[in-house]
Amino acid sequence: MPFGIPEYEISFAAQNSDQKDGSTEHVLIYPDLNTLSEEHITLLEGEVPEHLKGRPYLHHLVRCIIVVSHEVLHFVQHCIALRDASPLSWSAEHDASWPSLSLLCAADRACQSSCLTPGLVEACLVYLSGICRSRIQEWTPEVTAACESWQLHMGLTAQGDGDLPATHGPGGIDPEDAAFNETFRAWKESLAIEGIVESDAELEVQLNLLFNWGGRREGGEVNALPHPLRFADEAEG
Ligand SMILES: [Zn+2]
């Protein structure tokens with residue numbers, strides 16, 4: 001499906017549309033490979049390290065494989081009405097990223113899609129892992145520290161009192177420019193790579209943390225719900 005506007009858009013999108021019968025239609029929107037302009041190509045080329053430049057369509061096709069499970073997790077958030085009031089939606093992005101490639105691997109293991117020919121997912125993961133490693137080496141200490149804080153706090157930010165950070169922006173500054181959006185995309189993909197687990201049981205733990213335990217299954221504002229890891233620790237101890 002062509003994304004259309006804005007002209008520079010190369011993002012995927014999870015769209016939830018309420019239907020007349022009360023149901024919700026979930027639509028995953030892909031940027032259209034056939035309508036990529038020179039500007040899109042330049043943006044895609046900017047995402048890869050030097051040795052991978054010159055193959056923007058390959059990069060786009062890998063994204064078509066690896067992004068789907070991330071968007072599906074956004075559908076889950078919508079279905080259980082889990083909200084993140086932060087205008088930057090960093091918690092929602094954290095939660096849709098961390099287990100996303102584990103979910104893709106689980107789909108691959110179940111082999112229920114004719115799109116996932118044997119070895120395709122592994123090849124995409126190796127490709128993405130190399131890109132993430134290259135990007136991380138380029139990060140400034142401020143960007144690295146902010147990313148670690150974002151992971152540690154699962155994207156949650158303080159709403160008034162509390163020991164959560166007010167922002168995960170590098171140097172304490174909220175990101176508003178396009179350059180940081182590119183960095184943030186890199187954070188999400190790195191987290192998804194780091195979050196890969198190899199069994200359905202481990203994936204279940206990840207999904208329970210993010211979408212079930214601590215009142216999350218009933219939905220609500222995530223920053224007002226217990227921190228998932230603290231909840232799990234207290235439930236165990
Ligand atoms: Zn997302």
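Author: Axes are lines fitted to C-alpha atoms, for helices over the stretch in contact, and angles run from 0 to 180 degrees between N-to-C directions. Helices (H or I, at least four residues) are DSSP runs, numbered from the N terminus. The model is predicted: local features need pLDDT of at least 70, side-chain atom pairs count only at pLDDT 80 or more, and totals for chains, interfaces and linings use all residues. Residue numbers start from 1 along each chain as its sequence is written.

Reader: What makes H3 and H5 roughly perpendicular to each other?

Author: The axes of H3 (residues 68-79) and H5 cross at roughly 110 degrees and come within 8 Å. Angles under 35 degrees count as roughly parallel, over 145 as roughly antiparallel, 65 to 115 as roughly perpendicular and the rest as oblique. H3 and H5 are therefore roughly perpendicular.

Reader: Which residues make the contact of H3 with H5?

Author: Ser69, His70 and Leu73 come from H3, and Ser100, Leu101, Leu103 and Leu104 from H5. Two residues are in contact if their C-beta atoms, placed from the backbone, lie within 7 Å.

Reader: Why are H1 and H2 called roughly perpendicular?

Author: H1 (residues 38-46) packs on H2 at an angle of about 75 degrees, the axes being 9 Å apart. By the ranges for angles, H1 and H2 are therefore roughly perpendicular to each other. Ile41, Leu44 and Glu45 of H1 meet Pro56, His59 and His60 of H2.

Reader: Why does leucine 210 count as buried?

Author: A residue is buried if 20 or more other C-beta atoms lie within 10 Å of its own, exposed if 12 or fewer, and partly exposed in between, with C-beta atoms placed from the backbone. Leucine 210 has 23 such neighbours, so it counts as buried. Leucine 210 lies in helix H9, and its contacts beyond four places in sequence are Asp95, Pro99, Arg216 and Pro228.

Reader: Which residues touch the most other members of the largest nonpolar core?

Author: Ile66, Leu101 and Trp187 do, in a core of 22 residues. Such a core is a set of buried Ala, Val, Leu, Ile, Met, Phe, Trp, Tyr and Cys residues joined through C-beta atoms within 7 Å. H8 gives the most to this core, with five residues.

Reader: Where is confidence lowest and highest among the helices?

Author: pLDDT is the predictor's confidence in each residue, from 0 to 100. Helix H10 (residues 228-236) is lowest, at a mean of 78, and helix H9 (residues 200-211) highest, at 96. Over residues 1-8, pLDDT stays under 50. Where pLDDT is low, the predicted coordinates should not be read in detail.

Notes:
Helix = DSSP H or I, 4+ residues; strand = E, 2+ residues; numbered from the N terminus.
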